[in-house]
Each structure stands twice: as structure tokens, then as C-alpha cells.
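The following exercises are to be worked with the sequence and the coordinates at hand. Each task is followed by a solution in steps.

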Amino acid sequence: MPKSFLIDTTRCTACRGCQVACKEWHDHPANVTKQRGTHQNPPDLNPYNFKVVRFREHLGADGQVIWNFFPEQCRHCVTPVCVDVADMTVPGAMVHDRATGAVLVTEKSAKLSAEDAQAVIDACPYNIPRYDPATGRLTKCDMCIDRVANGMAPMCVKTCPTGAMYFGERAEVLETARKRLEAVKADFPKARLVDADDVNVIYLLAEEPEHYHDFVAFAQR
Amino acid sequence: MKCTRRNFLKLAGAGVLTLTLGQLGINIDEAMAYAGKLKIEGAKEVVTICPFCSVCCQVIAYVRDGKLVSTEGDPDHPVNEGALCAKGAALFTMYTSDHRLTKPLYRAPHSDKWEEKDWDWTLNQIARRVKDARDKDMILKNEAGQTVNRLESIFMMGTSHASNEECAVIHQAMRSLGVVHMDHQARV
């Protein structure tokens with residue numbers, strides 16, 4: 001049985017502990033930062049950010065500002081399209097670990113041509129993989145496979161101070177997700193789980209996906 | 001991983017608790033090859049307290065051969081139960097970053113350059129300037145003639161990196177000089 005995450009955005013305060021902890025565990029260097037008029041920084045996923053907390057706001061029915069936070073990462077799809085697309089040109093450039101459900105990029109991804117690498121990126125319904133010009137490889141969240149294989153939780157889950165992230169056996173996480181959904185519906189009637197049957201990183205949103213990010217749900221494609 | 005007889009015996013001997021098919025090279029997936037390299041493997045765990053705010057989250061520092069290799073929240077500590085915020089999660093980089101100050105830097109009045117100075121020079125300068133400012137500006141009595149012993153030309157900026165005890169000593173030192181303007185980095 002693969003592992004799954006539940007990311008409960010109704011509990012997320014956008015402290016970005018997950019984003020930083022991920023960088024620290026993977027020894028990623030800092031990005032050049034710039035004031036872009038938003039708290040979101042960096043503006044997008046990149047080879048040094050496998051995780052980024054997205055900020056999006058809109059006006060609610062009563063004219064109040066609703067500010068949503070979306071800690072974005074690879075969904076580790078149950079049937080990962082990226083692995084199939086990469087396999088067509090360079091077998092083993094990406095692998096799907098059946099034991100954990102982790103979808104991983106390998107060093108063989110450097111053998112993908114620029115076009116083939118772009119095809120993998122374009123195939124992802126959630127717009128996750130990024131090309132690293134320094135190594136020629138694709139980059140993305142690796143589920144902290146080294147930690148998980150050693151019985152530890154991924155770094156983002158470990159560090160989350162508000163309990164917005166759960167990690168465990170898929171059946172257990174699905175059960176937790178359904179219970180949390182019922183609980184938050186009292187405060188957020190439009191709450192929903194995103195693509196729960198198809199991904200191992202299940203988001204619990206308080207409202208429609210478009211109020212979070214353009215690539216939250218498969219249906220937004 | 002290559003499955004030599006020696007490796008096989010070593011891993012099999014490690015016992016059923018740690019035994020996985022992947023370690024024995026039987027696993028059909030390549031993924032486990034990436035999982036083998038845990039960067040904190042064999043490192044000594046040293047517990048410490050996050051220096052940033054007064055919540056005092058406990059942190060495990062992983063040390064190998066006298067070098068810090070990683071930091072993460074301590075799950076056994078009742079305050080944070082393993083969690084850390086963005087600042088606490090960045091402790092490893094706070095220690096290893098090339099932006100970290102390791103020598104006193106001095107910028108002379110009207111200069112646009114920082115110069116490296118040694119500690120003797122720096123401490124002497126601080127002592128000299130504190131003494132001069134205090135000698136010049138000390139207010140012994142107010143307009144009503146009441147004793148106030150106040151020094152208004154020095155401002156003390158505190159830091160979250162100071163412990164409670166350090167704060168007490170700093171506070172007493174400032175009060176003894178007559179300094180009344182004190183604030184904290186987290187407030188400004």
C-alpha cells in the first residue's frame with residue numbers, strides 16, 4: 001500500500017516552514033528574492049524549490065478579502081503520466097516506486113533532450129516538474145524518499161507547526177481526509193478534497209480550486 | 001545496490017526490524033537505490049533550543065565528525081512536538097550560510113564601505129564611545145530638581161537570539177548606565 005499526504009489548507013497559515021524545511025533537507029541554495037507585491041516567494045517552483053506556498057486572494061460575497069494559501073508540491077499520482085512520457089524516450093528517467101507510491105526523477109533524466117524534457121513537464125496535469133539547466137535534469141519533490149524508506153516522515157510534514165499536513169498509509173490518510181472534510185464543512189460549506197482517487201498528495205480546500213492556483217485540480221487543465 | 005555475499009550477510013544480520021527487500025537488492029524498483037543515502041545516518045543527535053523566539057522549540061542537531069549535517073524539530077519535546085516554523089526550519093542554513101557574520105565589521109561615519117576589524121579594536125571602540133556619550137549626555141536631575149540619572153543618547157536594540165538570562169544581564173547593564181531607551185528586534 002503506497003503512502004499518501006493530506007494537506008489541509010484550512011489549517012495552513014502560510015508560515016512556509018514546509019518550504020524552508022524542504023530546501024534545508026535537500027541542501028538547496030537560496031533564491032534571489034525580489035519584492036513583487038506578494039508574500040509568495042519565490043514566484044514559482046524551481047530546481048531549488050520542490051515546494052512553494054502560493055498566495056491568492058479574492059473578494060468574498062460580503063466584500064471581505066479571502067486569502068488562500070496553497071502549499072504546492074508533486075502529487076505523486078497513482079498513475080503518473082510523467083513516468084510514461086519519460087519512458088517513451090529514456091526508460092528509467094523517471095520511476096514510480098510501488099512500495100511508497102513516490103514518483104522520482106533519476107539521473108537518467110539528463111539524457112532527455114530539451115524537447116523530451118519539455119514533453120514530460122507539459123504532460124504533468126499539475127505543472128510540477130522543472131528543468132535544471134545546471135545539471136540538465138528534471139527536478140521535483142522526491143517525497144523525501146530517503147527519509148520515508150528509513151521510517152521517517154517527509155521533512156515538510158515533520159516541520160508543519162499547525163498540523164496542516166498528515167502522512168501515512170494511503171487507506172489511513174484517505175480516512176483522515178474524509179473525517180477532516182466532514183469537520184471543516186461546518187465552517188466552509190464549499191470544502192472539498194482534490195482528486196483524492198488519483199493522487200497521493202490530497203488537498204483539502206475550503207472553496208473552489210481556482211481561488212488557490214491555476215493547477216490545483218486535474219479538471220482545471 | 002550490488003548484492004555481494006558480505007553485504008547480504010551484513011544486512012540479513014541486521015535483523016528483521018530493519019530488513020527490507022530493497023536492502024537485499026531483490027526489490028524490482030530502482031527507487032530504493034535513491035532511498036539508501038540518508039544524510040543523517042550515523043550522525044550524533046544533539047538537542048538544542050531554537051534561538052529565534054520565546055516559544056523555545058527544541059531542535060535536534062545532527063553532528064558527524066564534529067560537523068553539523070542537519071537540523072530538525074525534536075518530536076519528543078512537548079512544546080513543538082517535532083514542528084518548526086520557517087525560521088526554526090532554517091537553522092542549518094543560519095549556521096552554514098556564507099552570509100553569516102564571523103568577524104566584526106565597521107563602517108566609519110559617512111563611509112559606504114564595511115571594514116573588517118579585530119575584536120580588541122571593536123570592543124575598545126564600543127567602550128570608548130559609550131563612556132564618551134555617557135560623560136557628555138548624562139542627565140542627573142530633571143527640571144524639578146529630582147534625581148533621574150538618565151542617559152537618552154544611547155539606544156539598546158535587543159535580539160531574539162539572547163536567552164532569558166542574557167536579557168537580564170543586558171538589561172541590568174543598560175540600567176546601570178542610565179539607558180532608558182530599549183527595544184527588541186521582533187517589535188521594530
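Two strands are taken to pair if DSSP finds at least two bridges between them. The model used throughout is a predicted one.

**Exercise 1. A hairpin in chain A**

Determine in which sense β2(A) and β3(A) pair, and over how many bridges.

Solution. 
Step 1. Strand β2 covers residues 52-59 of chain A, and strand β3 covers residues 65-72 of chain A.
Step 2. The pairing is antiparallel and runs over eight bridges.
Step 3. Within this pairing, A:H58 has A:I66 in β3(A) as its bridge partner.
Step 4. Five residues lie between β2(A) and β3(A), which form a hairpin. In the turn, A:G63 has a positive phi of about 85°.

**Exercise 2. The four-stranded sheet of chain A**

State the strand order of the open sheet of four strands in chain A, and identify which strands stand at the edges.

Solution. 
Step 1. The order is β8-β1-β10-β9 in chain A, and the pairing is mixed.
Step 2. β8 (165-169) and β9 (192-194) of chain A each have a single partner strand, so one side of each is left without a neighbour in the sheet. These two are the edge strands.
Step 3. Direction ignored, neighbouring strands of this sheet are turned by 20° against each other on average.
Step 4. β9(A) pairs with strand β10 (residues 201-205) of chain A in the antiparallel sense, over three bridges. A:L193 stands opposite A:L204 in β10(A).
Step 5. Helix α6 (residues 170-184) of chain A packs on the sheet and touches β1 (3-8), β8, β9 and β10 of chain A. The direction of α6 makes about 15° with that of β1(A).

**Exercise 3. Buried or exposed?**

Classify A:I7, B:A90 and B:F155 as buried or exposed.

Solution. 
Step 1. The criterion is the number of other C-beta atoms within 10 Å: 20 or more for a buried residue, 12 or fewer for an exposed one.
Step 2. A:I7, in strand β1 of chain A, has 25 such atoms and is therefore buried. Not counting residues up to four places away in sequence, A:I7 touches A:P71, A:A164, A:M165, A:V201, A:Y203 and A:L204.
Step 3. B:A90, in the loop between α3 and α4 of chain B, has 21 such atoms and is therefore buried. Leaving aside neighbours within four places in sequence, B:A90 is in contact with A:V20 and A:E24. From B:A90 to B:T71, 19 residues apart in sequence, the C-alpha distance is 8.3 Å.
Step 4. B:F155, in strand β7 (residues 147-158) of chain B, has 11 such atoms and is therefore exposed.

**Exercise 4. A helix of chain B**

Explain why α5(B) is said to lie largely in the open.

Solution. 
Step 1. Helix α5 spans residues 119-137 of chain B, 19 residues in total.
Step 2. From first C-alpha to last, α5(B) reaches 27 Å, close to the 27 Å expected at 1.5 Å a residue.
Step 3. The number of buried residues among the 19 is zero, so α5(B) lies largely in the open.

Notes: Residues are numbered from 1 along each chain as its sequence is written. Chains are lettered from A and ligands numbered from 1 in the order in which they are written. This is a predicted model: local features need pLDDT of at least 70, side-chain atom pairs count only at pLDDT 80 or more; totals for chains, interfaces and linings use all residues. The expected span of a helix is 1.5 Å times one less than its number of residues. Axes are lines fitted to C-alpha atoms, for helices over the stretch in contact, and angles run from 0 to 180 degrees between N-to-C directions. Two residues are in contact if their C-beta atoms, placed from the backbone, lie within 7 Å.
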